[in-house]
There are 4 protein chains.
Amino acid sequence: MAGNTFGQVFRVTTWGESHGPALGVVIDGCPPRIPLSAADLEEELARRRPGVQAHATPRREPDQVEILSGVFEGQTTGTPLSLVVYNRDVRSRDYDALKEVFRPGHGDFTYQAKYGIRDHRGGGRASARETVARVAAGAVAQKVLDRDHIQVVAYTLELGGIRAQNLDEGIIWDNHFFCPDAAAAQVMAKRVQEVKAQGDSLGGVVEVRVKGCPPGLGEPVFDKLDAALAQAVMSVGAVKAVEIGAGLAVARMLGSENNDPITPGGFASNNAGGILAGISNGAEIVVRAAVKPIPSISREQQTIDLAGQPRSLSIKGRHDISAIPRIVPVIAAMVRLTLADFLLRQRTIK
Amino acid sequence: MAGNTFGQVFRVTTWGESHGPALGVVIDGCPPRIPLSAADLEEELARRRPGVQAHATPRREPDQVEILSGVFEGQTTGTPLSLVVYNRDVRSRDYDALKEVFRPGHGDFTYQAKYGIRDHRGGGRASARETVARVAAGAVAQKVLDRDHIQVVAYTLELGGIRAQNLDEGIIWDNHFFCPDAAAAQVMAKRVQEVKAQGDSLGGVVEVRVKGCPPGLGEPVFDKLDAALAQAVMSVGAVKAVEIGAGLAVARMLGSENNDPITPGGFASNNAGGILAGISNGAEIVVRAAVKPIPSISREQQTIDLAGQPRSLSIKGRHDISAIPRIVPVIAAMVRLTLADFLLRQRTIK
Amino acid sequence: MAGNTFGQVFRVTTWGESHGPALGVVIDGCPPRIPLSAADLEEELARRRPGVQAHATPRREPDQVEILSGVFEGQTTGTPLSLVVYNRDVRSRDYDALKEVFRPGHGDFTYQAKYGIRDHRGGGRASARETVARVAAGAVAQKVLDRDHIQVVAYTLELGGIRAQNLDEGIIWDNHFFCPDAAAAQVMAKRVQEVKAQGDSLGGVVEVRVKGCPPGLGEPVFDKLDAALAQAVMSVGAVKAVEIGAGLAVARMLGSENNDPITPGGFASNNAGGILAGISNGAEIVVRAAVKPIPSISREQQTIDLAGQPRSLSIKGRHDISAIPRIVPVIAAMVRLTLADFLLRQRTIK
Amino acid sequence: MAGNTFGQVFRVTTWGESHGPALGVVIDGCPPRIPLSAADLEEELARRRPGVQAHATPRREPDQVEILSGVFEGQTTGTPLSLVVYNRDVRSRDYDALKEVFRPGHGDFTYQAKYGIRDHRGGGRASARETVARVAAGAVAQKVLDRDHIQVVAYTLELGGIRAQNLDEGIIWDNHFFCPDAAAAQVMAKRVQEVKAQGDSLGGVVEVRVKGCPPGLGEPVFDKLDAALAQAVMSVGAVKAVEIGAGLAVARMLGSENNDPITPGGFASNNAGGILAGISNGAEIVVRAAVKPIPSISREQQTIDLAGQPRSLSIKGRHDISAIPRIVPVIAAMVRLTLADFLLRQRTIK
């Protein structure tokens with residue numbers, strides 16, 4: 001009810017603040033007898049880690065995850081998995097200046113309004129650092145999906161207005177922007193340098209494709225698969241829009257254009273993005289998320305303080321220019337968590 | 001878990017098929033001592049009713065709702081409200097031809113894949129008729145919101161590519177398209193006639209604005225208010241994209257453009273759409289939904305039957321040209337249900 | 001959250017007041033393709049019906065249940081089942097005298113304290129009449145259990161201090177007390193007549209045995225099968241104690257007496273009542289419930305009214321002498337609902 | 001769904017195995033601005049700790065709890081609290097002999113049946129050690145109850161057949177048995193020595209009294225306060241029966257004896273145990289739990305191994321003679337968790 005739990009069968013509860021002792025996640029409902037070690041979680045965590053990308057924040061987060069329960073002799077036991085990542089390299093003093101001020105575009109104002117108290121250090125619970133727990137859990141979810149040969153591919157479709165034209169999945173992890181178009185990635189790099197020089201930040205679009213999802217996943221009427229994916233993806237901090245399949249473009253299509261003809265070999269097009277009436281149809285599931293620019297910018301901004309008095313603010317320190325590409329594995333994780341949950345839910349329909 | 005329940009405190013469970021005996025909803029968690037009668041639900045139900053709009057399906061659905069429990073001497077008692085709408089004017093024979101065929105763009109194929117059985121008559125549970133229960137429940141939710149003076153305004157922003165330029169809320173219910181721009185509504189009417197003549201259908205965009213929402217609603221991290229609204233709105237059949245505030249446009253903004261400056265008098269702009277870090281900030285909440293064209297068209301389409309054999313299909317009978325405007329009160333209802341739930345959830349934070 | 005829903009996968013939500021228009025239940029999560037008709041629910045409903053038993057209340061409740069959704073051509077579809085029983089023979093005037101008075105042993109005082117309003121007619125939502133929905137839902141749950149050959153046997157073990165000595169399951173439904181001991185039933189009948197003459201009422205004990213339950217059902221640590229059964233059975237109005245297996249007697253056993261030895265052929269005794277560490281072990285599940293005497297008695301009692309003033313009260317009208325035996329099918333229903341839910345939950349462990 | 005979460009608003013999720021690296025609990029939904037430090041949790045944890053009591057297991061468990069999130073500058077923030085207790089003094093080798101054998105009275109057999117894998121070391125997740133997380137969470141729950149001046153008193157009512165006759169709450173923590181009757185405690189001590197010498201173990205009864213609970217807590221119809229307490233208490237490993245108020249004795253009472261008369265000053269008796277129709281009535285809440293003897297005994301027992309072959313077993317090593325009194329703070333914790341949850345749930349009824 002307080003919102004830190006996601007999923008019904010494959011159920012994750014995350015906890016932790018950016019500058020507290022640790023962050024973590026408890027996964028309840030992971031099936032038993034799945035091989036699992038901390039090393040299995042490292043690849044995705046590395047992709048989310050700042051500093052890996054050329055333009056990203058220099059804060060070092062080794063993000064070493066420990067598995068504190070639920071694994072015995074290298075396999076899951078069916079009991080809760082507790083994953084913990086300790087915070088190191090925490091420089092809370094950097095945030096002393098922000099204690100009394102609400103940063104525009106951040107949760108400072110709303111957390112204060114909601115709780116009457118907030119941990120101002122690095123955004124506290126509202127920090128992007130919270131997503132480390134999502135990514136770790138998502139890697140476990142992928143282990144569940146692996147048994148059914150379901151793959152989740154995520155990448156940067158657009159950054160700062162530059163859009164990938166080719167979708168070469170093989171090169172996604174080969175460039176700093178997790179972009180499937182090498183040429184676009186080069187233009188993105190230039191754009192990032194320009195904006196960095198201006199003390200500003202950039203938004204973009206992330207796309208996720210799910211391959212091998214069997215038909216039948218999703219629950220009418222409120223827990224439609226697309227509705228659940230929309231919640232999952234919109235729950236990632238910087239996301240302001242979610243599209244399924246043709247997405248916004250459907251608004252200007254005719255029915256005869258938008259309907260995907262069905263053939264004995266499958267769907268002849270995929271405007272539906274793999275989901276019909278909230279249930280997967282066996283085609284590729286396609287989800288896109290619009291990501292807003294990082295709100296922490298060094299350009300001067302207008303705001304107020306705790307007392308309601310006007311203040312002007314210029315945010316210094318180590319900050320990314322864009323949530324992209326670090327957000328790519330986070331959004332992928334949310335899609336994985338959603339699918340693992342619905343895959344297990346579908347087992348009760350028999 | 002099977003997806004027919006929405007909300008945590010203000011909790012609705014809907015049931016019923018298009019051509020079964022009735023549809024309904026049970027509302028658990030409605031606070032006691034709220035004046036309520038069936039008449040209170042009529043206005044919103046009337047807006048959703050086909051035949052009210054010029055171009056809409058001629059099927060008569062008087063949609064008279066009965067309250068079977070939870071009200072005593074004109075007030076809610078705190079026990080479950082059971083609302084029922086009986087189906088009348090049901091012509092199931094119309095659907096005999098569709099028993100063996102999967103209509104493109106509909107849930108026929110996926111329901112069959114999921115359950116191994118389906119009620120093919122009028123879409124069964126996947127019918128737009130299911131939304132009558134949502135609208136009735138939404139009208140009750142509004143009663144809860146009324147106590148805190150929270151208003152939900154919904155309208156057609158775009159239909160068939162024609163976009164409202166003026167937002168005159170006073171005229172929304174005065175035209176057949178629930179459009180806040182009278183001139184645009186006239187162009188829409190022409191466009192609908194053209195497409196009708198071609199046996200095709202249209203999509204569009206619905207926008208919802210919430211006024212008077214206090215700051216503090218929404219639960220980090222998975223049940224962010226925008227995430228919950230995204231699920232709520234995406235759970236409406238024809239919706240394929242959901243935007244909050246500036247929505248998709250944030251992808252191409254700079255941080256300095258996108259951040260809403262904070263002043264002693266409130267936020268100086270509203271790209272955030274009233275939600276920061278998943279929590280309402282006191283500004284107007286703005287949600288948009290992209291609505292796909294009605295998939296039932298009389299133009300010939302390619303599909304398969306239960307045996308997997310190719311079939312060509314032309315859907316005759318009474319069908320709307322667009323889910324708009326009937327979908328407007330449905331999307332408004334989902335927003336109301338979400339807000340009533342979060343308003344009550346926030347009471348536990350004390 | 002407001003407590004009218006039970007179960008996680010096989011999920012029932014009940015609604016309705018004793019003297020409102022109807023009572024009912026929505027079942028979400030019932031697997032598809034189970035043959036079901038209203039007639040299937042009649043047998044259990046008949047056992048719960050007053051007037052069937054010699055000493056029971058003369059109010060006629062035909063309790064004809066209607067299935068309003070979720071069944072197509074005689075089979076469940078996987079969508080919600082809506083079951084409704086209309087109230088007839090409702091004489092609300094009988095309760096006018098009780099409008100201002102809190103009946104001892106009833107929920108009058110606590111409903112008023114909780115909600116600040118209550119439907120005083122016949123106990124409203126707190127009426128035993130509410131259980132008609134549970135019994136109907138339990139009959140559907142049994143259909144799910146039937147597929148795995150799980151049987152639930154329930155009976156009166158004790159009434160007014162008279163305890164069954166023989167457990168002849170074959171005669172349970174042959175006597176007015178649903179007692180597996182014909183001789184005990186005759187003594188019970190005499191005891192009931194005596195107490196009736198005194199204007200008083202009786203308590204007793206109901207026992208339930210589940211046969212054929214596979215090992216493995218139940219979820220550590222809070223949703224242990226015995227914990228869930230305890231909640232389920234204690235949620236029936238008149239129940240004040242729940243025992244599993246040897247129950248209270250374990251408090252005075254030695255470990256060497258209480259432990260059930262395990263042999264290649266199964267457990268050599270069954271003090272555990274078929275549940276170890278909260279998980280079924282394949283032996284018979286044994287649950288007992290202590291049932292308090294009906295609080296509505298014609299003997300004069302001391303109470304207060306809405307204004308807090310002392311009142312003396314003698315409750316006239318049609319009332320049972322004991323919740324037994326009508327409560328027997330209700331408790332059986334709660335056990336069935338619990339088991340059906342855990343049976344389906346166990347499917348996700350794979 | 002997998003059973004490791006308890007509560008709806010005040011929601012705890014526990015994790016951890018007896019011989020894994022750590023055990024812990026995440027508390028979501030704790031209200032903000034409650035003063036909290038690890039020291040606040042120590043008193044209850046100390047009561048649960050083995051070795052404190054004369055007859056208890058000599059294993060040292062310092063049980064130092066760390067708060068990893070949710071507290072800022074000494075106060076809760078409204079975000080999840082993560083509490084961790086690291087396992088030390090873990091001698092897993094002691095359990096090697098039990099790897100292939102199912103101990104009678106333990107969860108070995110059922111965990112294997114459910115999951116097809118189990119951590120055999122010290123009972124794994126089924127260990128009584130799991131309750132350290134419950135007690136820590138219960139201490140936080142008490143902080144919530146403190147704000148409403150609700151007190152929970154728990155004690156040993158009976159051990160090995162010896163029953164407390166006096167209820168002197170002031171001396172509960174002054175004797176090794178947490179017994180409110182000093183004379184009875186002395187007899188208990190003798191009984192424990194006898195049984196210890198025989199290599200056997202003892203059961204007993206724990207009673208809990210809640211003082212200062214306001215009327216109105218509890219949710220009809222399935223989440224009655226007594227139903228929730230029954231689940232909560234029965235979810236503690238060794239408990240086989242739960243009574244509310246007069247409990248089992250109601251079965252042999254007349255209605256005129258059992259009904260608690262209501263006077264302007266309150267209820268004249270308390271057979272109801274403070275709960276009517278599932279809702280607290282303002283009187284003292286009384287719950288009793290029957291606790292089975294510890295199943296680990298050194299006397300020889302009959303069982304089978306993983307291959308289904310007969311084995312005889314005598315369990316050596318450090319084991320308590322009874323779950324009493326260590327279980328007393330555990331049962332108190334479950335009552336606290338239940339009440340804190342219902343107290344917060346009641347806030348939505350307005």
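Biologist: What makes β1-β2-β3-β7-β4 of chain C a sheet, and of what kind?

Modeller: Those 5 strands form an open sheet in that order, with antiparallel pairing. Strands here are DSSP runs (E, at least two residues), numbered from the N terminus, and two of them pair if DSSP finds at least two bridges between them. By the way, this is a predicted model, where local features need pLDDT of at least 70 and side-chain atom pairs pLDDT 80 or more, while totals for chains, interfaces and linings use all residues. Residues count from 1 along each chain as written, chains are lettered from A and ligands numbered from 1 in written order, and side-chain values use heavy atoms, without hydrogens or water.

Biologist: How do you know that β4 and β7 of chain C are paired?

Modeller: Count the bridges: 4 join β4 to β7 (residues 81-86), and the rule asks for at least two, so they pair. In that antiparallel pair, C:I67 sits opposite C:L83.

Biologist: Why are β1 and β4 of chain C called edge strands?

Modeller: β1 (5-6) and β4 (65-69) of chain C each have a single partner strand, so one side of each lacks a neighbour in the sheet.

Biologist: What makes C:E219 and D:K114 a salt bridge?

Modeller: The term needs a side-chain nitrogen of Lys or Arg within 4 Å of a carboxyl oxygen of Asp or Glu. Here N to O is 3.2 Å, so the pair qualifies. The interface of chain C and chain D has 4 salt bridges by this rule.

Biologist: How much area do chain C and chain D bury?

Modeller: About 8,000 Å², 62% of it on carbon and sulfur atoms. Buried area means the accessible area (1.4 Å probe) that two parts lose on being put together, summed over both, so that figure covers both chains. The contact (heavy atoms within 4.5 Å) takes 105 residues from each of chain C and chain D.

Biologist: Why is the relation of chain A to chain B called two-fold?

Modeller: A rotation of 180 degrees, with 0.0 Å of shift along its axis, superposes chain A on chain B (RMSD 0.0 Å). A:Q231 comes closest to the axis among chain A residues, at 2.4 Å (C-alpha).

Note on methods. Copies are superposed by least squares on the C-alpha atoms of residues with pLDDT of at least 70 in both.
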